[in-house]
Amino acid sequence: MSTTTPARDLAPVVASRLAAEPHLFIDGERREARSGRTRPVLDPGTGEPIATTACAGAADVDDAVAAAARAFDPASEWRRMTPLERGRVLTRIGEAIYARADSFAELEVLDAGKVRGAARAIDVEFAARTFLYYGGWPSKIQGTTVPVSHPGIHVRTEREPVGVAGAITAWNFPLLLCAWKMAPALAAGCPVVFKPSEETPLSALWLAELAVEAGLPPGVLNVVPGYGDEAGQALVAHAGVRKLSFTGSTAVGRRIARDASDLLKRVTLELGGKSANIIFGDADLDAAVAGSAGGIFWHSGQTCSAPSRLFVQRDIHDEVVDKLLAEAAALSIGHGLDAGVDFGPLVNERQVERVRGYVDRAATDGAKVHQAGELPTGGGFFYPPTVIAGATDDMECAREEIFGPVVVVLPFDDAEEAARRANASDYGLAAGLWTGSVATEHAMTRALRAGTVYVNGWGLTDPAAPFGGFAQSGYGRDLGPDSLDGYLETKSVWTFHG
Ligand code: NDP
């Protein structure tokens, strides 16, 4: 049995970040919230407070947007930077993350309940790569010459930053989501006001300071941790913000889309999911089960693209359930800083209760609930890996996003049925299939309605590959060139040559 132990040797820089006075980061400097309001930051692995964060209100958001607007003035240092210089700053931010990779990973474990190895290999690695990728873009954003049918007239397009961008994110990938929002905005030339989840503000605040050290002029990047219904709403409603990029739940995303439409803001929404993952009888079964278990149990199921609906061809259904349970039982559950741990806590007590409620109701609805693994003693917000069998597609557990380590296994008979049932969801973030047949792969990848489709694997992202959803999973894309488009206006310039 593992125990959670509160006293740990932390990297000095991490200890100093935790001990810092509560602050926002506005106009290149730390500031208290104008209201003086703060809240504790808890370590999900122990349930104990580890730091105190400032909570921004509407007045702080005003300050941050005003700083960003100054940074966007045509005569500002930021606007006068050449594309290559802007790209170099972004690259330096990426390198600054790499140079502190282990410490960032430690901070993410403490703040968000990550597991150290995965935090280093995924959150930190891909945050750094995102800045490196977008560091190459400023010098490649270009317009076109337009072949209009007017003699003596020359038309070209130019691409310009939309202006101040606001970003609001969830707690599950604090540093990574921060990079997904900041890097393309900055590459396009937009200053940013960033509101991290109030649960997990620490890495964004650190990154903003490092960005200034890397050469980003003050005011270009501002971080305003605070509650969604105060700081978040103030950012959404602010007339000085021209673009909003949001990652979070579908319910909040809908509200943001409604509120932002009053001012006709550009909006990108990366929302929830209930991703279908389909194992065909001709798949490499061990690889399929290991990949599917990894997909749903990684970060304790708190991933938007989690493969939480697992369709399994009927003749291998029971074998897959047994193998999944064996994978779950082999997980070492505990605090993410402890050696050997590969399954950490949920973010807070509320989330544990939410997941427990879904699982209890699944049992009441008649499904069979299997749980595995030994939870640590000594505090922390833990919930065991859970496999639900015997459910039907219309049950709550098979329809709603649980956002925990819970997979619902559903048998199917043929490919047409699998595609139809996989698509019968309000969401469309990701989907996957495991098969040895090229024909099945081609037919299914065409049929599945999702922003990302994985074949014989699950869960990778890359800064070059667009990421986002269909239907209630949102619109617009993070990453890749597509994300840049959301931060750019196209201007047609007509020159009359007489
Ligand atoms: P929420 O939607 O509750 O919160 C997301 C962010 O929005 C938080 O920063 C929150 O602030 C803020 N917020 C809340 N209310 C408002 C409001 N009225 N106006 C403006 N901002 C507001 O999501 P969770 O944090 O609970 O995250 C889980 C959800 O995020 C899941 O549905 C998951 O699928 C989704 N997600 C989607 C991803 C994707 O790329 N598609 C990736 C990761 C997660 P506060 O600090 O108060 O919570």
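Guide: Strands E6 and E22 are paired in the antiparallel sense, and nine bridges link them; strands here are DSSP runs of E with at least two residues, numbered from the N terminus, and two of them pair if DSSP finds at least two bridges between them. This is a predicted model, in which local features need pLDDT of at least 70 and side-chain atom pairs count only at pLDDT 80 or more, while totals for chains, interfaces and linings use all residues. Residues are numbered from 1 along each chain as its sequence is written, and side-chain values use heavy atoms, with hydrogens and water left out.

The sheet is open and has three strands, in the order E5-E6-E22, with antiparallel pairing. E5 (145-146) and E22 (488-496) are the edge strands, each with a single partner, so one side of each has no neighbour in the sheet. E6, residues 153-161, runs antiparallel to E5 and is joined to E5 by two bridges. E5 and E6 form a hairpin with six residues between them, and in its turn Gly 152 has a positive phi of about 75 degrees. Val 155 of E6 is the bridge partner of Val 146, and in E22 the bridge partner of Val 155 is Trp 494.

Now to the ligand, which is surrounded by 29 residues, the closest being Glu 198, Gly 228, Ser 249, Leu 271 and Glu 401; a residue is near if one of its heavy atoms lies within 4 Å. Ser 249 places a polar side-chain atom 2.6 Å from an oxygen atom of the ligand, where a polar contact is a pair of N or O atoms within 3.5 Å. On the backbone side, a polar atom of Glu 270 lies 3.4 Å from a nitrogen atom of the ligand, and one of Leu 271 lies 2.7 Å from a nitrogen atom of the ligand. The ligand taken alone exposes 900 Å², of which the protein buries 88%, by the Shrake-Rupley method with a 1.4 Å probe. Helix H9 (228-237), strand E10 (243-247) and helix H10 (250-261) are the elements that give two or more residues to this shell, helices being DSSP runs of H or I with at least four residues.

Within helix H10 is Thr 250, which counts as buried because its relative accessibility is 6%, under the 20% limit. A polar atom of the Thr 250 side chain lies 3.4 Å from the backbone nitrogen of Gly 272.

Note on methods: Polar contact = N/O pair within 3.5 Å; in protein donor to acceptor, adjacent residues only side chain to side chain. Buried < 20%, exposed > 50% of the residue type's maximum accessible area, 1.4 Å probe, protein only.
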